[in-house]
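Open the structure in your viewer and keep the selection panel at hand. Here is a short tour, stop by stop.

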Amino acid sequence: MTRGGFGRRIAVAAFVALFSVCLAMTLAPRAGWAQQARQGVNPTAQAVKEEQLLKELDRVTGRVSIPDSKAGTLIQPEGREWRAYHERTLHWIGGIAILGMLAVLALFYSVRGKIRIEHGWAGVKIMRFTTFERFVHWLTASSFIVLALSGLNVVFGKVLLLPLVGSDAFAVFSQWAKYAHNYLSFAFAAGIVLTFVIWVTENIPNRTDIAWAKQGGGILGHAHPPAGKFNGGQKLIFWSVVLVGAAIAASGYVLMFPFYGTNIADMQVAQIIHGVLGVLMIAVILAHIYIGTLGMEGAFDAMGTGEVDLNWAKEHHSLWVEEEMSKARAAGGGAAVPAE
Amino acid sequence: MARVKFLCDGDRCIECNACVTACKNENEVPWGINRRRVVTINDGKPGERSISMACMHCTDAPCKAVCPVDCFFTTADGVVLHSKDLCIGCGYCFYACPFGAPQYPRVGNFGSRGKMDKCTYCAGGPEADLTMAEYEKYGANRLAEGKLPLCAEMCSTKALLAGDGEIIAQIYKERVVKRGYGSGAWGWKTAYREGIDV
């Protein structure tokens, strides 16, 4: 036997030993798996389950290979809650707010009637709102009326208007109403900003308003609590228009620019804010329109011609009249009435 | 009449996206709109599953309920369709839909939405069956030709099933019993208010 033969024998022995170790290592776990499989283990035990995902996160999202990443939301059952809000809750809130306000105003009118100028028309006028102030008011007001009607059409149109005009005419009308709603929002938003800028200094609440509120603003009795350029009620209108109007505009722009930094859940919330505040603001503005036209003699002139009757001004805005008078005296010397 | 449904067997879907491609081609769906998409959940992790999803043609469909111009209707087969002549593109159906099915072509400035587009179950629209007007607005009407939606018909692993709801539920049940597992009929509880108990 040569040295080479011995060497080969050692090599074979080493190979056999190594092979059996390897075999043992590979077989051992495999035997284990076979045993497990016989016991009926679910190979997809870790698989995701819809129910469990919905319990954890109330929506199911994943990855999509198309560029539209928002398509990664597989299931969002909140859609059903939003539907319940839109089809029931909003109808109730809107119905109660708007019809309720109309009923209150009708009742008020039947009890109180038109609030007259107690001392009659003076025949002398005093400048209340400049042309620019009236422009800002009517910019906001006219756009709001179109926005309110087209918004109400989205909420109540298919119940009230659709059966009357038929689906084709209603769809055409609604399409134009949507365009009007989208584009006039810019006029309304501009109006809100300008309203804030031109009147904010005169609308900061002060002690006069407390006294005014304690006497109920003179709305029910025949008292005329003193007030500056704007009384407590007008300040409330101002702040609700500015704050609620701004919130409505902001939530509206969220809806107008879909998926600009928002997702479906955000847009559902934005729509709820937009709808609820919208119908509430309509109710508030109905009261504003009432008192500015039908409800009070001499009030409309303020936003009509801009000049109000002196007696009206003395009764409703005594402090403001005094202020204007003293300003005029200081400036013109004796010209007590700034405008005739 | 059968009540047709979709069912995606998540344990069979291999995320090949052929259903997405078939849908786009069969219906000439415009650029940027996907009537069907495949969503992969737990991507790259153990237990990953892919689900092909489009309009589920819900029972008591939320889109139909919230539409301000009432442009949706449900056919005798249970397919939810809509009229693009009436749609004003307000986006409400998209807020209400649990499955993200409604899609809007962008037609103007600031993301203003055009007429909504969604899966028609390859059943066209309110126009007369198999007319050019119907095809241009809504795509193919395979149901009128006696065929099922193309996405399901050409699914290579038969993960996506379309047809009579009771029959496809039965097929799924048999699969689950035979192989011993199943991740569920995705979306059925939300769309049809019933799952498939095996």
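Select residues 128-306 of chain A: UniProt places the feature "domain: Cytochrome b561 bacterial/Ni-hydrogenase" here, in an unreviewed entry. UniProt positions follow the numbering used here, feature names are shortened, and annotations may be inferred rather than shown by experiment. The span is 74% helix and 0% strand, and its end C-alpha atoms lie 6 Å apart. Helices (H or I, at least four residues) and strands (E, at least two) are DSSP runs, numbered from the N terminus.

This is a predicted model: local features need pLDDT of at least 70, side-chain atom pairs count only at pLDDT 80 or more, and totals for chains, interfaces and linings use all residues. Residues are numbered from 1 along each chain as its sequence is written, and chains are lettered from A and ligands numbered from 1 in the order in which they are written.

Next, select β2(B). Two strands pair if DSSP finds at least two bridges between them. Here 2 bridges join β2(B) to strand β2 (residues 63-64) of chain A, and the strands run antiparallel. Zoom in on Arg63(A): its bridge partner in β2(B) is Thr40(B).

Now show the whole contact between the chains. Chain A contributes 46 residues and chain B 42, where contact means C-beta atoms, placed from the backbone, within 7 Å. On the chain B side, β2 (37-41), β3 (49-53), α2 (62-66) and α3 (92-96) each supply at least two residues. β2(B) gives the most, with 5 residues.

Key: Two residues are in contact if their C-beta atoms, placed from the backbone, lie within 7 Å.
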